[in-house]
Structures are given as structure tokens and as C-alpha cells.
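Please read it alongside the sequence and the coordinates.

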Amino acid sequence: MPTILGQNQYGKAENRVVKITRDGATHHIKDLNVSVALSGDMEDVHYSGSNANCLPTDTTKNTVYAFAKEYGIESAEQFGIHLARHFVTSQEPIHRARIRIEEYAWERIETSDANSKFIGADEVKHSFVRKGQETRLTQITFDGENWEVVSGLKDLIVMNSTNSEFWGYVKDKYTTLQEAYDRILATQVSGRWRFNWSDDEQKMPNWEKSYEQVKKHMLQAFAETYSLSLQQTLYQMGARIINNRSEIDEVRFSLPNKHHFLVDLEPFGLKNDNEVYFAADRPYGLIEATILRDGCEARIPVDMTNL
């Protein structure tokens, strides 16, 4: 045979599942986008078309919805762990499961006292609005013995309107950028962090608390760093997470520099004293780096496009 089969996987991608937990009049929402990828003894289905070892992707979809009912959704990580364990332990041909989850956050709508009388309640506890900030992410991989959990977020836009400079850089004949001693620093954070929980003998992290604390330390570092470069700020964000969260060994960020350029108002006889900016969407500087706990090995892919 002139060709051989290389790495392969299959599953059902982007299963949208919304779980409503009804605690009396108070409701809670978990809104996930779940993608399942399975691999193992799948040579025959590729070589001959035999489906003897192939669990239908439709079955993986149904499992996602059934597990939302059977186990509930305590956290994206915990839900993914349930799914990965099930596929590897219940199907002999499946040796590895990778579950990727996006979580969309909702918050309660505050209602006026005047409206409450029409529904006979003092407080509405079942109406929500989608939060307009980040999308929470997690990827769970299980091979029957070892776990790898990489969580993160994307599309979290942050800005410092001062306390940022950029000067002293290399200049050549193509350099036109002026040095800045008081500039806007803004970025759209895409970050991933890897947990050191890897087997069932270890105590499992509190996934919900961990996410909130990581985000808190990340934002505090962004706000509290007097920045001489976005690279410096990125490192401080990752280092703050590693130093404060013992369950995390590795952090990787991809930070596009959302440039804000001072508008030249002199043609109109006006002085622009760091007040009016043009927000450019492209091209943009893209700053990426991994921050590790000393002694640990980097495992988060350099290219996070599909992670």
C-alpha cells in the first residue's frame, strides 16, 4: 500500500446545550457549545469503510444532551470530564477523547419595583441578559489514565487610558512611529492556562472559583502594571496568575495591540492634549508568549487558533 493513515479523530462539533436549573422561583443558566473529538482503533473505517468500531457522531451529540440532564452542568470543566471519561471507558476502540467547550455567560436582569407587581413577585429571578464580555473556554483530554485540562477565555477587551509608554525601540530607515510617553494601551485578551491536575488520585480544583480568581488576577495585573511595552504587561498578567494560583503551571496569551492614534487637530486650530484618538482595527501588533511555573514544561500549543 503506497499510503498509510496518520493521526485521525472524529466526533460531533458545536453541540449547543442550554441547561436551566430551577431552584424554586430562582433559575440558573449554563449555556455551552460542546465539541467532541474521539480517536483510537479507527483504521478499518478509513481503509475499508467498516463501521464496526465507529460510534456514530449522532450518538456523541445525544450523549451531550443526556449528560446535561443526568449530571447537570456544575462547570464547563466538570461537564467535559464526565463526557471524556464516558467515551473512553464505555467504548473499547476509543483510546482518547478531547472535549472542547465554549461557555456563554448570562446575568440577571434587574427589574423595577413597578414591574414586579404585574407578575406577583418582589424580584424577578428568571430573566437574563447575555454578558457582553468574554467567552469562557476549556479543553479536556483523557486517554484512560491521564487528564489534561486547559481552560481560558477569548474576546475580553481591556484598556488603560494612561500609565503606558513605548520608546527606546530599534529604529531604521523605515521607522516612522513616534515615541510615546503617555499612550492608550488596549487589547483583546485571548488566554489559556493549563492545570496541574492530571489524574484521579489528585484533588480536583474548584473550577468555578479558579476561573474567577484567574480572571481577577489577570485584570489586576493589567490595571496595576505601569507599562513600557505590551510584552511587559503580558508577562505580569501571566506571572500574577502563576504566583497566586497553585493549581496552574502554564499560561499563554495572545494579545493584539488595539492601537489608538492621536488625531491631528491642528488644521482646525485645536490642540489635542491626549484627548481625541482614532481607534484602528488593523493592522495591529500581535504579542504572544507563554509564562511557566519554574521547572514545568510548556504544553499549550504556540498556535492557539483552534484551541
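**Notes on the model**

1. Arg 136 lies over the face of Tyr 211, 4.4 Å from the ring centre. A second case is the charged end of Lys 171, which sits over the ring of Tyr 169 at 4.5 Å from its centre. A charge is taken to sit over a ring if NZ of Lys or CZ of Arg is within 6 Å of the ring centre and within 35 degrees of the ring normal.

2. This is a predicted model, in which local features need pLDDT of at least 70 and side-chain atom pairs count only at pLDDT 80 or more, while totals for chains, interfaces and linings use all residues. Residues are numbered from 1 along each chain as its sequence is written, and side-chain values use heavy atoms, with hydrogens and water left out.

3. The structure holds eight aromatic pairs. One of them joins Phe 166 and Tyr 169 in a stacked arrangement, with 4.9 Å centre to centre and 20° between the planes. Rings of Phe, Tyr and Trp (its six-membered ring) pair if their centres lie within 6.5 Å; planes under 30 degrees apart count as stacked, over 60 as edge-to-face and the rest as tilted. Within this pair, Phe 166 is partly exposed at 26% relative accessibility, whereas Tyr 169 is buried at 16%. Buried here means under 20% relative accessible area, exposed over 50%, and partly exposed in between (1.4 Å probe, protein chains only).

4. One aromatic cluster is formed by Phe 142, Trp 147, Phe 195, Trp 197 and Trp 207.

5. Tyr 226 is found in the loop between α5 (207-224) and α6 (230-244) and is partly exposed, at 41% relative accessible area.

6. Most residues other than glycine have a negative phi, and most peptide bonds are trans. The bond from Arg 282 to Pro 283 is cis, with omega near -10°; Pro 283 lies in the loop between β11 (277-279) and β12 (285-292). Helices (H or I, at least four residues) and strands (E, at least two) are DSSP runs, numbered from the N terminus.

7. Glu 14 has a positive phi, near 55°. This residue belongs to the segment before β1 (15-23) and is exposed, with a relative accessible area of 57%. Asn 274 also has phi near 55°; Asn 274 lies in the loop between β10 (260-262) and β11 and is partly exposed at 31%.

8. The unreviewed UniProt entry annotates Lys 12, Thr 57 and His 259 as "active site". These positions are spread over 248 residues of sequence and, in space, up to 43.4 Å between C-alpha atoms. Lys 12 is in the segment before β1, and Thr 57 is in helix α2 (residues 57-70). UniProt positions follow the numbering used here, with shortened feature names, and annotations may be inferred rather than shown by experiment.
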